[in-house]
Amino acid sequence: MNVRNLHRARTTAGIIAVIMLLAVTFCVHRVYAAAGMSEFQTVKQIRYTKSAAWLFQEPNTSAPKAVKLKKSRKVRVTGISKAGWSRVYDSKKTYYIRSGRLSRNNGYLVAIDAGHQRKGNPSKEPIGPGAKKRKAKVSSGATGTSTGIPEYKLTLKMAKKLKKELVSRGYKVKLIRAKHNVNISNSRRAKIANKAGADVFIRIHANSSTDSGVKGALTISPTAENKYCKKISKKCRGLSRAVLSEFCEVTGAKNRGVMYTDTMSGINWSKVPVTIVEMGFLSNPKEDKKMNRSVRYQNKMAKGMANGIDRFLKRT
């Protein structure tokens, strides 16, 4: 055999060896994947990504990557394995993700303040850190012109409904008050949300007017010039717009726009994005009845506020 033929034979043998090695590797990989898939325990769970994460086509980090998910993305888990993998169903396809990348919660905490309380506290407090201007610590709120139900009862009912809706979406929730007989000033309510490390602070209220024909929802936000919470004022405005838009979309309530003011103690003392939601007018007989008597409308209000929070946090 001449040198050329010898070189050709060696090259051919080398190619054959590589092909055989690839074939064996592929078979081993398929066997491993099949074995891994057979070890999955069937479950039905809702989980959320702790951070941006990849879905794989097989339960193996060497497998092709299929879909990249954002932080706090909701996924439907259909199986879990002892090897630390979760089988998920997403966009009508089955994928796999490391179980450690998932959490029962979506990573966000929402503080909810049910506006007012059974008895107001007329004692005065500064409207903001270092402020000379002072106002009453907290009032008992308005009363439904048709139902006779006080605002503080409606706001707590809606706070609990919103909590239930948010928990179903994976949020952690901090209720500022859980009963009527409390004495919590507006500045302290903000401080409770701050201490909890809330990502969003929602303050639930209902409006009132001397004109019984006035109706609709609005949100309240600090101005861009607010000297007490300037660092979060931009986020507050974004939160206020998002919540109001989604609230009116779901409920069909008239959108009265965002009200900008720097006189709200519960906003000025806040260090986290905050908005006040005025759900409707208790002075309007029809809105009073819808807000206080209609469970269906109450559920819509809770869904609308939750949708707004999702939108603000870019979870939709």
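Which residue of β14 is the bridge partner of A217? In this predicted model, the partner of A217 in β14 is N255, and the pairing belongs to a set of four bridges that join strand β13 (residues 217–221) to β14, the two strands running parallel.

- Six strands form an open sheet with mixed pairing, in the order β11-β8-β12-β15-β13-β14.
- The edges are taken by β11 (172–175) and β14 (255–260), and because each has a single partner strand, one side of each is left without a neighbour in the sheet.
- On average, and with direction ignored, neighbouring strands of this sheet are turned by 25° against each other.

**Helices against the sheet**

- Helix α4 packs on the sheet, where it touches β12, β13, β14 and β15, and its direction makes about 170° with that of β13.
- Helix α6 (residues 285–293) lies across β12 and β15, and runs at about 115° to β15.

**The α4 and α7 pair**

- Two packed helices are described by the angle between their axes and the distance between the axes.
- For helix α4 (residues 233–251) and helix α7 (residues 295–312), the axes come within 7 Å and cross at roughly 145°, and the crossing in which α4 passes α7 is right-handed.
- On the α4 side the contact is made by K235, G238, L239, A242, V243, S245, E246, F247, V250 and T251, while α7 contributes residues including Y297, M301, M305, I309 and F312.
- By class, the residues of this contact of α4 with α7 divide into 10 nonpolar, six polar and five charged.

**The largest pocket**

- The largest pocket holds about 310 Å³ of space, and of the 19 residues that line it, H116, S139, H205, M264 and E278 lie nearest its centre.
- Two or more lining residues come from each of β10 (134–138), β12 (200–207), α5 (265–268) and β15 (274–281), with β12 giving the largest share, four residues.
- This lining is made up of seven nonpolar, eight polar and four charged residues.

**The second largest pocket**

- About 180 Å³ of space lies in the second largest pocket, which is lined by 10 residues, those closest to its centre being K70, K71, R73, K314 and R315.

Notes. Residues numbered from 1 in each chain as written. Predicted model: local features only at pLDDT ≥ 70, side-chain atom pairs only at ≥ 80, totals over all residues. Heavy atoms only, no water. 1 Å grid on protein atoms, 1.4 Å probe; cavity = no way out; pocket = protein on both sides within 12 Å on 5 of 7 lines; lining within 4 Å. Points joined across faces, edges and corners; volume = space filled by probe spheres on them. Nonpolar A, V, L, I, M, F, W, Y, C, P; charged D, E, K, R; others polar. Axes fitted to C-alpha atoms, helices over the stretch in contact; angles between N-to-C directions. Left-handed = near helix turned anticlockwise from the far one by under 90°. Contact = heavy atoms within 4.5 Å. Pairing = 2+ DSSP bridges.
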